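Welcome! Here is a friendly tour of one protein model, taken topic by topic. Keep the 3D view open and follow along as you read.

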Amino acid sequence: MTTNSASHQQSENYDAVIFDMDGVIVDSEPLWRAAEAQAFQSYGVPITEDMAYQTTGLRIDEVVSYWQQRFTFDTPSQVLQDAIMDRVITQIEQTAKPMAGVLPLMDRLSASGYPLAICSSSPMRLIDAVVQKFQIKDKFQALISAEHLDLGKPHPQVYLKGAEALEVVATRCIAIEDSINGVIAAKAARMTTFAVPEPSQASLVQFAIADAKFSSLVELNQAIEEWLPRLKA
C-alpha cells in the first residue's frame, strides 16, 4: 500500500463507500479492451488491445468519439457502441469473474453498516448484468451509470450523483477506482480515493493523486480498518 499521508483523514469522517465497477468489482477491463479492438477492426479501424488502454474508464460513446478524433471512419457511433457492448455483455455472462477480494470487502462494509453504491461509466445494461451475475444487487443502495449524464469520467458528475443517491456528503465518501480517469473523477468530487490499478498500470505517476494505492483488493481489505474503525468491531 502507498498512502498519501497529507490527505489521510480521520476515519469517522466517512459515511459511505462507492465502487467503480469495471476492474474493481468485475475483472472486465481485458474484456473491454478485446471487445473494443474487435469491434473497431471489424469496421476497418486498426485499434489494438494495447491501444484500448487509452480509453479505460471512459463512457462507451466517449470511447468512440476518442477514436473518431484519431482515425477517419464513416461507421455510425451507435453501431460501434452496440458492437462493443454486445461483445462485452456476452463475455460477462459467460466468463466474467469477480475481482479477487471484492466480495469479502463488500460483505465487511455492508455488515458494518456502510451504505454502498456503484458509480460506473458503463451503461446500466452492463451494471445490471454484473450485479445479476454475481448476485450482489442487495449489497448496494444505489447503482449509478454515467450513460445518460452530461459528462462521464474524468468529470466527477457520476460520483456526485452517487453521493446524492446515498444521501451523504461527497467529502464523507471513499471511492475505489482502478483507472486514472476514475481516480481523477473521484478526486474532483472531493472523495477520499483508493486506487487499485492493474499491475501493468500501477507504476503510472498519475496514480499519485489517489489518497492510497493498493496492489489488490485483498490488500485493501486488510488495510481498510485504518480508515473505517467500525470494521474492527
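This is a predicted model: local features need pLDDT of at least 70, side-chain atom pairs count only at pLDDT 80 or more; totals for chains, interfaces and linings use all residues.

The domain assignment divides the protein into domain 1 (16-27 + 97-226) and domain 2 (29-95). The largest cavity lies between them, because both domains give residues to its lining.

- Domain 1 is made of two stretches of the chain, 16-27 and 97-226, while domain 2 covers 29-95.
- Taken over C-alpha atoms, the centres of domain 1 and domain 2 are 22 Å apart.
- At the interface, 20 residues of domain 2 are in contact with 27 residues of domain 1.
- Together the two domains bury about 1800 Å² between them, and 52% of that area is on carbon and sulfur atoms.
- Two salt bridges are found across this interface.

**The cavity**

- Rolling a probe the size of a water molecule over the atoms shows where empty space is left.
- How many cavities of 30 Å³ or more does the count give? The count comes to one.
- The volume of the largest cavity is about 240 Å³.
- Its lining has 22 residues, and the ones nearest the centre of the cavity are Glu-29, Trp-32, Thr-55, Gly-57 and Leu-58.
- Helix H1 (29-42) and helix H2 (60-68) are the elements that give two or more residues to this lining.
- H1 gives the most, with four residues.
- Sorted by class, the lining of the largest cavity has eight charged, seven polar and seven nonpolar residues.

**Salt bridges**

- Side chains of opposite charge can pair when their charged atoms come close.
- The structure holds ten salt bridges.
- One of them joins Asp-86 and Arg-125, whose closest N and O atoms are 3.1 Å apart.

**Two backbone details to look for**

- Most residues other than glycine have a negative phi, and most peptide bonds are trans.
- Which kind of peptide bond runs from Lys-153 to Pro-154, cis or trans? That bond is cis, with omega near 15°.
- You can find Pro-154 in the loop between strand E4 (142-145) and helix H6 (157-166).
- Gln-135 is a residue other than glycine with a positive phi, near 55°.
- To spot Gln-135, look in the loop between H5 and E4.

Conventions:
Residues are numbered from 1 along each chain as its sequence is written. Side-chain values use heavy atoms; hydrogens and water are left out. On a 1 Å grid over the protein atoms alone, a cavity is a set of points where a 1.4 Å probe fits but cannot get out, and a pocket is an open set with protein on both sides within 12 Å along at least five of seven lines; lining residues have an atom within 4 Å of a point. Grid points are joined across faces, edges and corners, and a volume is the space filled by probe spheres set on the points. Ala, Val, Leu, Ile, Met, Phe, Trp, Tyr, Cys and Pro count as nonpolar, Asp, Glu, Lys and Arg as charged, and the others, Gly among them, as polar. Domain bounds come from an automatic or database domain assignment. Contact means heavy atoms within 4.5 Å. Buried area is the accessible area (1.4 Å probe) that two parts lose on being put together, summed over both. A salt bridge is a side-chain nitrogen of Lys or Arg within 4 Å of a carboxyl oxygen of Asp or Glu.
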